[in-house]
Amino acid sequence: MSEEPRNTDPSAVVRRFVEAFQAGGQVEVGEELLATGFRNHTPDPGSPGDRDGVLAWFAMLHAGVPDLRVELHDMVADGDRVATRKTFHGTHRGELMGVPPSGRRLAIEVIDVVRVRDGQIVEHWNAVDRLAILRQLGPASLLRAGLRRATTALATALGHRPR
């Protein structure tokens with residue numbers, strides 16, 4: 001039985017990544033489309049800038065927002081790079097970014113740029129207003145996030161590796 005050839009068109013790869021992995025939660029698609037040597041140039045503080053960091057972030061997002069859907073507004077390709085502007089929508093029903101469920105509706109605006117090589121995503125840059133996410137989760141989340149960053153900064157300054 002022969003395996004179906006991988007689609008290497010950068011736009012098709014990114015569309016599949018958004019629809020099947022980011023929106024659909026199909027972890028196997030994320031594992032397939034994120035290259036082993038993948039590098040995230042803009043990871044969340046404390047998250048690794050590699051493939052495992054992205055897989056873990058979306059596992060956390062899907063657990064915290066089980067009705068997650070992604071509205072893809074724009075996708076522009078230039079050679080091996082693809083930019084998307086999208087909004088993640090859903091309801092905060094599980095722990096998210098250390099914040100217990102609030103039942104609040106979320107709208108997370110994201111701009112991503114990825115580089116695709118041989119049908120896999122090899123690099124990523126993004127712009128997302130993380131403070132806006134915390135505001136949507138409620139006032140207590142802002143305090144928790146501030147304390148967490150302060151603790152991480154202090155541990156780093158003292159030469160300890162943050163957990």
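This is a predicted model: local features need pLDDT of at least 70, side-chain atom pairs count only at pLDDT 80 or more; totals for chains, interfaces and linings use all residues.
**Fold**

The protein chain has 163 residues, and 35% of them count as buried. Its secondary structure comes to five helices and five strands. Along the sequence the pattern reads α-α-β-α-β-β-β-β-α-α. Take the contacts between residues at least 6 apart in sequence: 54% of these join residues at least 24 apart.

**Core**

In soluble globular proteins, nonpolar side chains tend to be buried together. Here the largest nonpolar core holds 31 residues. Leu61, Phe88 and Ile121 have the most contacts inside this core. Two or more residues come from each of these elements: helices H1 (10–23), H2 (27–33), H3 (51–64) and H4 (130–137), and strands E1 (34–40), E3 (81–91), E4 (105–117) and E5 (120–128). H1 gives the largest share, six residues.

Leu61 shows how the contacts run. Setting aside neighbours within four places in sequence, Leu61 is in contact with Leu68, Phe88, Leu96 and Ile108. Phe88, one of these partners, is also among the core residues with the most contacts.

**Cavity**

A search of the whole structure finds one cavity of 30 Å³ or more. The largest cavity contains about 370 Å³ of space. Its lining has 30 residues. Trp57, Phe58, Asp112, His124 and Asn126 lie nearest the centre. The elements that give two or more residues to this lining are H1, E1, H3, E3, E4, E5 and H4. By class, the lining has 18 nonpolar, eight polar and four charged residues.

**Aromatic pairs**

There are four aromatic pairs. One of them joins Trp57 and Phe58, with 5.2 Å between the ring centres and 75° between the planes. This pair counts as edge-to-face because its angle of 75° is over 60 degrees. Ring pairs link Phe17, Phe21, Trp57, Phe58 and Phe88 into a cluster. Trp57 and Phe58 also lie among the lining residues nearest the cavity centre.

How exposed are Trp57 and Phe58? Trp57 is partly exposed, at 23% relative accessibility, whereas Phe58 is buried, at 9%. The table sets these values beside those of the two residues treated next.

| Residue | Relative accessible area | Class |
|---|---|---|
| Trp57 | 23% | partly exposed |
| Phe58 | 9% | buried |
| Ser11 | 22% | partly exposed |
| Asp118 | 61% | exposed |

**Ser11**

Ser11 lies in helix H1. Its relative accessible area is 22%, so Ser11 counts as partly exposed. Which residues does Ser11 touch, not counting those up to four places away in sequence? They are Met75, Ala77 and Val82. Ser11 and Ala77 sit 66 residues apart in sequence, yet their C-alpha atoms are 6.4 Å apart in space.

**Asp118**

Asp118 belongs to the loop between E4 and E5. Asp118 has a phi near 55°, a positive value in a residue other than glycine. Is Asp118 buried or exposed? With a relative accessible area of 61%, Asp118 is exposed.

Terms used:
Residues are numbered from 1 along each chain as its sequence is written. Side-chain values use heavy atoms; hydrogens and water are left out. A nonpolar core is a set of buried Ala, Val, Leu, Ile, Met, Phe, Trp, Tyr and Cys residues joined through side-chain atoms within 4.5 Å. Buried means under 20% relative accessible area, exposed over 50%, partly exposed in between (1.4 Å probe, protein chains only). Helices (H or I, at least four residues) and strands (E, at least two) are DSSP runs, numbered from the N terminus. Contact means heavy atoms within 4.5 Å. On a 1 Å grid over the protein atoms alone, a cavity is a set of points where a 1.4 Å probe fits but cannot get out, and a pocket is an open set with protein on both sides within 12 Å along at least five of seven lines; lining residues have an atom within 4 Å of a point. Grid points are joined across faces, edges and corners, and a volume is the space filled by probe spheres set on the points. Ala, Val, Leu, Ile, Met, Phe, Trp, Tyr, Cys and Pro count as nonpolar, Asp, Glu, Lys and Arg as charged, and the others, Gly among them, as polar. Rings of Phe, Tyr and Trp (its six-membered ring) pair if their centres lie within 6.5 Å; planes under 30 degrees apart count as stacked, over 60 as edge-to-face and the rest as tilted.
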